[in-house]
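Good morning, and thank you for joining. Please keep the sequence and the structure in view while I speak.

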Amino acid sequence: MTETMTSADKGRATKTAYVLAGGGSLGAVQVGMLKALAAHGLRPDFVVGASAGAINGAYAAARPDIEGIRELDRLWTTTKRHDIFPFNARTLRRLLIKRDFILETGALQALIERNLPYRRLEDAPIPIHIVTTDFLSGEMVVLSKGPAAEAIVASCAIPAAFPSLAINGRYLADGGLVSNTPIKLARDLGATRLIILPTGHACALRLPPTGAISSALHGLTLLVAGQIVKELETLDSGCDHHVVPSLCPLGSSAYDFSHARALIDRAELQTREWLHNGGLDRCDIPDALRPHRH
C-alpha cells in the first residue's frame, strides 16, 4: 500500500535522484541538461544510469557542479565515433572468423578510464548505480560497487555490436534490454524526487537509418522513449517526478557524434527555459516522448 506524502513530509524527506536514459550519441543532449541543472544549483543525492546514461551519470556522480560538467562537455565534444566504434582491419577479421559480435570494448573502456576521476563505483562522491542486463537470464543487474569502467562498458554493450562482459560470474550486457530509463529502480532505492534526463530520438528523420549499428541505436532510442512513458504512467503518487524535455524535432542519428556541440548547446538553452518556466513544479510526461512524426 502506498502512502501519499504531505508537502511538509516531502520537504523534510526529499531525496533526489538523477535518472539518465540511454541513447547512443544523443547522450550529448544530457550534457546540456546537466549544465543547466548545475547552473540552477541542483545536486542529486544519488544517480542511476543505463547505457549512454551510465557514462553521463558516472561523471555527474563525480562532480555535478558547473566545472565538473564542463569536463564532461569537453569529453563529448572531442570524442569521435571511431573512439567508441573503432572499425578497422581487426574488426573485419573478427567478422570473418568468429562473427559473434562486431566490435571490441577496449576503446570505450580506455576512454572512460582516461577521463573518469575515480576507479571504483563506491568511490564516487555521489552514489552511482549502473544498470546492466544478465544476458543469460534477462534479469536486471545493478552495479553499485566494483570497477567503474567495466560497469559502464557492460551497461553500453549493445548485443551483436559488443560482447557481453563477465562481471561477478555473470555475463552482462546493455542495461536498455531491461530498463533503459530505470525510473522504478530509482524509486526503489529511496528517491522521493526524480529528475529524469531522456536523450530523445531522431523524430525528424525522413528515411530509416542505414547500417546495422545505426539502425540498432535508433531502435533503442525509440524503446527508451516508450519505456519512460510506461514507467511514469505507473509511478506511485508519492514520488515527485520531473522530465527534462528532450529536443524535438531532432534529426541527428544516435550513431553520429559530429553534432555533440550543437546538441549540448541546444539542450542547455532549452533546459534553462524549462527551469525558468517552472519545470520543477510540474509532474508531466512530455509529448515528445510519445510516438510522433514531423
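This is a predicted model: local features need pLDDT of at least 70, side-chain atom pairs count only at pLDDT 80 or more; totals for chains, interfaces and linings use all residues.

Residues are numbered from 1 along each chain as its sequence is written, and side-chain values use heavy atoms, with hydrogens and water left out.

I start with Thr79. Thr79 sits in the loop between helix H4 (66–78) and helix H5 (81–84); helices (H or I, at least four residues) and strands (E, at least two) are DSSP runs, numbered from the N terminus. A polar atom of the Thr79 side chain lies 2.6 Å from the backbone oxygen of Leu75. Is Thr79 buried or exposed? Thr79 counts as buried because its relative accessibility is 7%, the term meaning under 20% relative accessible area, with exposed over 50% and partly exposed in between (1.4 Å probe, protein chains only). Leaving aside neighbours within four places in sequence, Thr79 is in contact (heavy atoms within 4.5 Å) with Ile84, Leu111 and Phe257.

All five residues of S1 (residues 16–20) are buried. In a regular strand the side chains alternate between the two faces of the sheet. On one side of S1 are Thr16, Tyr18 and Leu20, on the other Ala17 and Val19, and both faces are covered. Which strands pair with S1, given that pairing requires DSSP to find at least two bridges? S1 runs parallel to S7 (residues 193–197), joined by five bridges, and Leu20 stands opposite Leu197. S1 also pairs in the parallel sense with S2 (residues 46–50) over four bridges, where Ala17 faces Phe46.

Finally, the interior. A nonpolar core is a set of buried Ala, Val, Leu, Ile, Met, Phe, Trp, Tyr and Cys residues joined through side-chain atoms within 4.5 Å. The largest has 71 residues, and Tyr118 and Ile152 have the most contacts inside it. Its largest share, eight residues, comes from H2. Ile152 is among the buried residues of H8; eight of the nine residues of H8 (residues 148–156) are buried, so this helix is largely enclosed by the rest of the structure.

Terms used: Two strands pair if DSSP finds at least two bridges between them. A polar contact is a pair of N or O atoms within 3.5 Å; within protein, one must be able to donate a hydrogen and the other to accept it, and residues adjacent in sequence count only if both atoms are side-chain atoms.
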